[in-house]
Amino acid sequence: MRGDDTPGGTLEGDAGGRARIDVDDLPDGLVATDADGVILMVNRAAERLTGVTRQAAVGRFVGDVLPMRDQDGRDWWKWLDPQGGLSIRSRQPERPLHLPGRQEMLVAARFVRTPPRGGEVERVVITLRDASARARIERSRADLVSTVAHELRSPLTSVKGFTATLLAKWERFTDAQKRVMLETVNADADRVTRLITELLDVSRIESGRVEIHRQIVDVPARVRRIVAGRVAAGEPEDRFRLEILGELPEMWLDQDKIDQILANLVENAVRHGRGTVTIVVEPVEWGVAVSVRDQGEGVAPELVGRVFRQFWRGNGRRRGGTGLGLFIVKGLIEAHGGTISVQRAPGGGAEFRFTLPTGTPDFA
């Protein structure tokens, strides 16, 4: 790394210059000082995070320009003390700091020594990251733990209660009563299994580990299968309508994940909507579009941006589930290279419309 006439600088690679990178391209803030704390370089991300321009920073003492404090109000630079401590120190781990009037940042430092091991400190390289993203992740994880605990408590309490009762008083119940209790236990076990499956899906989506195993998929046939399952579970057959508009291209998709997408969207329409649930499948320029429409109240405009977030449960009267379904749907569609949106259906209610590219075989 070096400073230059513009106090940004570059990261230099080999002698051929093949890895020359402008530090302004880096997503994190970067500030470099000499051993005495005089600022040598500030990149664009650091300007954005601190609100201090390069022109105002370069050549000045870092403690005057960036008076960062920890949660106890201590001066970070004095505490860092680059020229003090053991000569083998090479870095300071990341910690939360704040500037007066600014949001919290995650700050780490690295000491550049000559020679590298045990030499004098020549420069200090400081990295800055926005802490709000980490705070959002931590809140999301806390919400997830809370939701999981709540969702697991009910079925597990039911399973424990019925099994304990059957074990203690087996002879007192009729076969019909035993069957009802065992059916309830079975249903609650299925509920726990579904929750665990959803949590695994969320984990894969957030970590980018969703695997798509492509094969030729007949999308209308998968819709019919999902609808048949709803009807078998007790929904009236005339509540569902399938429309196929035009000749569909050959689609290479992950069949299991397409079933999961369709099942979640139909479940959402049944749970939160009213009237007929219409599924429209039609060709588009680069694949297929599927629209799932209901005749309920729809999604209020101010809620559209939240629909595909974790734990969204809609604004209808009938709620339930973990609120992870639409988040998972979006993740699975995007893993296929597709997109999804929500809007008002032509006849009122909500319309969830997703498009999928035709795809290619895994071995292509």
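The buried residues of helix α9 pack against α6, α8, β13 and β14, where buried means under 20% relative accessible area, exposed over 50% and partly exposed in between, with a 1.4 Å probe and protein chains only. Helices (H or I, at least four residues) and strands (E, at least two) are DSSP runs, numbered from the N terminus. Helix α9 is mostly covered, with eight of its eleven residues buried; these are Gly325, Leu326, Phe327, Ile328, Val329, Gly331, Leu332 and Ile333.

The structure is a predicted model, in which local features need pLDDT of at least 70 and side-chain atom pairs count only at pLDDT 80 or more, while totals for chains, interfaces and linings use all residues. Residues are numbered from 1 along each chain as its sequence is written, and side-chain values use heavy atoms, with hydrogens and water left out. The predictor's confidence in each residue, pLDDT, runs from 0 to 100; its mean over the protein chain is 85, and 89% of the residues reach 70 or more. Residues 1-5 call for some caution in reading, as pLDDT stays under 50 there. For this stretch the model has twelve contacts beyond four places in sequence, a contact being heavy atoms within 4.5 Å.

Taken as a whole, the protein chain has nine helices and 14 strands. Buried residues make up 40% of its 364 residues. Among contacts between residues at least 6 apart in sequence, 58% join residues at least 24 apart.

A nonpolar core is taken here as a set of buried Ala, Val, Leu, Ile, Met, Phe, Trp, Tyr and Cys residues joined through side-chain atoms within 4.5 Å. The largest such core has 41 residues, of which Ile261, Leu265, Ile279, Val290, Phe352 and Phe354 touch the most other members. At least two residues each come from α6 (175-207), α7 (219-232), α8 (255-272), β11 (277-284), β12 (287-293), α9 (325-335), β13 (339-344) and β14 (350-357). Helix α8 gives the most, with seven residues. A second, separate core of 25 residues includes Ala57, Leu80, Val107 and Ala109. In soluble globular proteins, nonpolar side chains tend to be buried together.

Val288, in strand β12, counts as buried at 2% relative accessibility. Not counting residues up to four places away in sequence, Val288 touches Leu248, Pro249, Met251, Val281, Glu282, Pro283, Phe354, Thr355 and Leu356. Between Val288 and Pro249 the C-alpha to C-alpha distance is 7.4 Å, although 39 residues separate them in sequence.

In helix α7, the buried residues are Val219, Pro220, Arg222, Val223, Ile226, Val227 and Arg230. Seen down the axis of α7, these fall within an arc of 160°, so they line one face of the helix; the arc is that of the directions from the helix axis to the C-beta atoms. Their cover includes β9 (240-244), β10 (252-253), α8, β11 and β12. Gly234 follows α7 and has a positive phi, near 120°.

Strand β3 (residues 29-34) is also mostly covered, with five of its six residues buried. Two strands pair if DSSP finds at least two bridges between them. Strand β3 runs antiparallel to β7 (residues 120-130), joined by six bridges, and antiparallel to β4 (residues 39-42), joined by three. Thr33 takes part in both pairings: Thr33 stands opposite Val124 in β7, and its bridge partner in β4 is Ile39. The hairpin formed by β3 and β4 has four residues between the strands, and Gly37 in the turn has a positive phi of about 90°.

Pro115 lies in the loop between β6 (105-114) and β7, and the peptide bond from Thr114 to Pro115 is cis, with omega near -10°. Asp81, in the loop between α4 (76-80) and β5 (91-97), has phi near 45°, a positive value in a residue other than glycine. Asp81 is partly exposed, with a relative accessible area of 38%.
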